[in-house]
Amino acid sequence: MVSACVTLKANTHLVNSRKDNTFRQDDGFLGERIKGGLNYSPWIINQLASSLRTKERVKKAKPGVVSAVLTSSDTKESVAFQMPSFLRRRADPKNVVSIILGGGPGIQLFPLTKRAATPAVPVGGCYRLIDIPMSNCINSGINKIFVLTQFNSASLNRHISRTYFGNGINFGDGYVEVLAATQTPGEAGKKWFQGTADAVRQFTWVFEDAKHTNIENVLILAGDHLYRMDYMDLVQSHVDRNADITVSCAAVGDSRASDYGLVKVDGRGRIIQFSEKPMVADLKAMQVDTSVLGLSPHEAKKSPYIASMGVYVFKTDVLLKLLKWRYPTSNDFGSEIIPAAVREQNVQAYFFNDYWEDIGTIKSFYDANLALTEENPMFKFYDPKTPIYTSPRFLPPTKIDKCQIVDAIISHGCFLRECTVQHSIVGERSRLDYGVELQDTVMMGADYYQTESEIASLLAEGKVPIGIGRNTKIRNCIIDKNAKIGKDVVIMNKDGIQEADRPEDGFYVRSGITVILEKATIEDGTVI
């Protein structure tokens, strides 16, 4: 960054730039990408012009050339302000390391997290939540990735090893390493991870190794979000503004604002207030005019809060200083480290104006999955330039016999026989027998096949095979892996029960959604 003194004087020969939109904001917060390559905000330019009682007049810029003149009715008026260098320093993905947090016990996603870590929960039919940040890293050119795990990590570790070690994914001189919670000598070393910041703190020695001497920035990611992002755009914004910390942010509405850390920013995009999951009066105090972020007036009214996405970039030395020396007893980034750092460090906001969903509850998980079945979903797995990677299962195509399927996703290796599937996701290796009706349901599928002879033998013995039996009707439901649902079963929650715990019967109800447990058996003729 360089300091420039600009002299403003009357100029009647330039046309008004507001119509030309020369300082166009393609994406990101406060002009992450500005036409001509100048990373400077139209918001800031307008404020500067206003403070000088000037009118902004700019010639139409040629591609690759920045052309901006501020004019005033006074003969001479000057101001000193910070502006980026015209020779922009490009952020190098080789100097970035990514840390994906494996999450805590996943209480809000229970019972899906009864035996699996949150990032290992299936999504979209054949993916796992961990595939989202992993794929975003790969597509962004970031090839140094750590995954921190602690709770129910067996299936997560298995999925990572099967997916990202080999299988045509080339990390070059990079790596993917799973750092599992462990105990070390000393009193502090006897404790497990106490929070997101503590998890990273316990492995700070990794970033001090000789092979990490060139790591300039550390990217902190959550493992339970659904979105597609080029992280190097975020890192570039971080570098351009010489930030100590950059927080990726999104606009959110009233219904879920209290679930997030909310921020307020000044005219230069610096975060001046951070409130973690505020309630009632504190929540209203965090409302802002989000139209300044590029939202339409209608969108801004619907989403009057700026929420932290839980995606952070730290300068490496700043991260180590905060964790080891400045706040050695603070355990969480969102509730402790970031709010404290706002008062002392240059903490910048990066506005992400695209689809993003925090899949932290059963309701959000259910809604985000079913939204994928729409004709033009907000999030698409079908992007050839930035694919979402997952474990290759080498399964055969799905076999469909005389079925009616409307607005649905059917995964690999399924058998569907004269059934109806509407607005639902059917996971891999699923079996739907004659007369089955599946509506508004997320079915996760099975980890293995049962042969036709095995299925026939089980039915002959009065037992229930994996899959859904004949003439069963299911609505508004999540069916976990390897569930066995018999024939003539009805799962509809007709009484509209919102919360119920029936593990002995193989199901829970959360937010009105029936959740069939992993490996549960629902006997023939059961009505839920």
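Me: Are Glu428 and Arg429 buried or exposed?

Reply: Both Glu428 and Arg429 are buried. Keep in mind that this is a predicted model.

Me: Ok, and which network do salt bridges join them into?

Reply: Through shared partners, salt bridges link Glu428 and Arg429 with Arg393, Asp447 and Lys481 in one network. Glu428 and Arg429 pair up directly too, with their closest N and O atoms 3.9 Å apart.

Me: How many salt bridges does the structure hold?

Reply: There are 19. One of them joins Arg256 to Glu357, where the closest N and O atoms are 2.4 Å apart.

Me: What does the pair of Arg256 and Glu357 tie together?

Reply: Arg256 is in the loop between β12 (245-252) and β13 (261-265), while Glu357 is in strand β17 (residues 356-358), so the bridge ties together parts 101 residues apart in sequence.

Me: And how does Glu357 count, buried or exposed?

Reply: Glu357 counts as buried because its relative accessibility is 19%, and the cut-off for buried is under 20%. Arg256 has 22%, so Arg256 counts as partly exposed.

Me: New topic: where do Asp367 and Lys363 sit?

Reply: They're in helix α12 (residues 362-371), four residues apart, so about one helical turn separates them.

Note on methods:
Residues are numbered from 1 along each chain as its sequence is written. This is a predicted model: local features need pLDDT of at least 70, side-chain atom pairs count only at pLDDT 80 or more; totals for chains, interfaces and linings use all residues. Side-chain values use heavy atoms; hydrogens and water are left out. A salt bridge is a side-chain nitrogen of Lys or Arg within 4 Å of a carboxyl oxygen of Asp or Glu. Helices (H or I, at least four residues) and strands (E, at least two) are DSSP runs, numbered from the N terminus. Buried means under 20% relative accessible area, exposed over 50%, partly exposed in between (1.4 Å probe, protein chains only).
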